[in-house]
Amino acid sequence: MGKVIIFSAPSGAGKSTIVNYLLGKNLGLEFSVSATCRAPRGKEQHGKEYYFFTEEEFKRRIAAGEFLEYEEVYPGCFYGTLNSEVQRIWAEGKTVLFDVDVVGGLNIKKKFGNQALALFIQPPSVAALRERLQGRGTDSPEKIEQRVAKAEYELSFAPRFDTVIVNDRLDDALAEAERKVRDFLNA
Ligand code: ADP
Ligand code: 5GP
């Protein structure tokens, strides 16, 4: 069994920014492409950011036992990790990097124990989170409010993670994330 690194956070906290930075650092990490039944955003491509399935296709794969974990992250909108992703990445001798919601992150941590490092990315405040989602410009005002409304609940899960990184100044958060990941990979 190889190692896995899990990043979870309320949407808009800066998780993708941090994950993309780490993926560019030659640390032997590979992104676990999740499956979702939400629509692609901006330039997102099937097989790159996500596997985009219809709700029917997603449910068929749940029934077939293809998921390591899955969640109905928003009403009517499933997200999940395919077992095949983890096997594919380990077969390449690499460490799996997950970007999943807080509940999925804790479920994965439970499955992999000490082989897993679970990091929680925390925004400096809920107000900052809303501003970042507005600034990103990829979600409708209703979607943004849905995400902000969920953030308080998600923030309550932070203490259950191995590490919490507050993403206030981005440079500091990137450096801290890189240090934690390097320490875990070298342990
Ligand atoms: P997530 O993946 O957690 O939903 P993103 O990485 O997409 O979040 O970040 C949300 C938005 O906030 C993006 O526009 C990103 O450029 C911006 N952002 C990320 N980190 C910071 C930071 N420390 N300060 C200000 N803006 C940030
Ligand atoms: P977004 O729609 O912004 O890409 O993602 C919404 C939420 O779904 C984020 O919190 C993201 O981390 C989470 N998510 C993405 N993939 C998975 C997954 O495979 N499993 C779970 N449980 N959550 C996921």
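Ligand 2 has 18 residues around it, and Ser-34, Arg-38, Tyr-50, Tyr-79 and Asp-101 come nearest; a residue is near a molecule if one of its heavy atoms lies within 4 Å of it. This is a predicted model, in which local features need pLDDT of at least 70 and side-chain atom pairs count only at pLDDT 80 or more, while totals for chains, interfaces and linings use all residues. Residues are numbered from 1 along each chain as its sequence is written, chains are lettered from A and ligands numbered from 1 in the order in which they are written, and side-chain values use heavy atoms, with hydrogens and water left out.

By class, the shell around ligand 2 holds five nonpolar, five polar and eight charged residues. Here Ala, Val, Leu, Ile, Met, Phe, Trp, Tyr, Cys and Pro count as nonpolar, Asp, Glu, Lys and Arg as charged, and the others, Gly among them, as polar. Strand 5 (67-74) and strand 6 (77-82) each give at least two residues to this shell, and strand 5 has the largest share, with four residues. Strands (E, at least two residues) and helices (H or I, at least four) are DSSP runs, numbered from the N terminus.

## Polar contacts of ligand 2

Which residue has a side-chain N or O atom 2.7 Å from an oxygen atom of ligand 2? That residue is Ser-34. Lys-15 brings a polar side-chain atom to 2.9 Å from an oxygen atom of the ligand, and a polar backbone atom of Val-100 is 3.3 Å from an oxygen atom of ligand 2. A polar contact is a pair of N or O atoms within 3.5 Å. On its own, ligand 2 has 510 Å² of accessible area, of which the protein covers 97% (Shrake-Rupley method, 1.4 Å probe).

## Ligand 1

Around ligand 1 there are 13 residues, with Gly-12, Lys-15, Ser-16, Thr-17 and Asn-167 nearest. They divide into three nonpolar, six polar and four charged. Helix 1 provides the largest share of this shell, three residues.

A side-chain N or O atom of Ser-16 is 2.5 Å from an oxygen atom of ligand 1. For Arg-136, the distance from a side-chain N or O atom to an oxygen atom of ligand 1 is 2.8 Å. Ala-13 takes part through a polar backbone atom, 3.2 Å from an oxygen atom of the ligand. The protein covers 75% of the 560 Å² of accessible area that ligand 1 has on its own.

## The largest pocket

Where do the ligands sit? A pocket is found on a 1 Å grid over the protein atoms alone, as an open set of points where a 1.4 Å probe fits, with protein on both sides within 12 Å along at least five of seven lines; lining residues have an atom within 4 Å of a point.

The volume of the largest pocket is about 950 Å³, counted as the space filled by probe spheres set on the points. Its lining has 37 residues, and Lys-15, Ser-16, Arg-41, Tyr-50 and Asp-99 are the closest to its centre. Helix 1 gives the most to this lining, with six residues.

## The second largest pocket

The second largest pocket holds about 170 Å³ of space. Its lining includes Arg-38, Arg-41 and Tyr-79, and helix 6 gives the most, with three residues.

Key: Polar contact = N/O pair within 3.5 Å; in protein donor to acceptor, adjacent residues only side chain to side chain.
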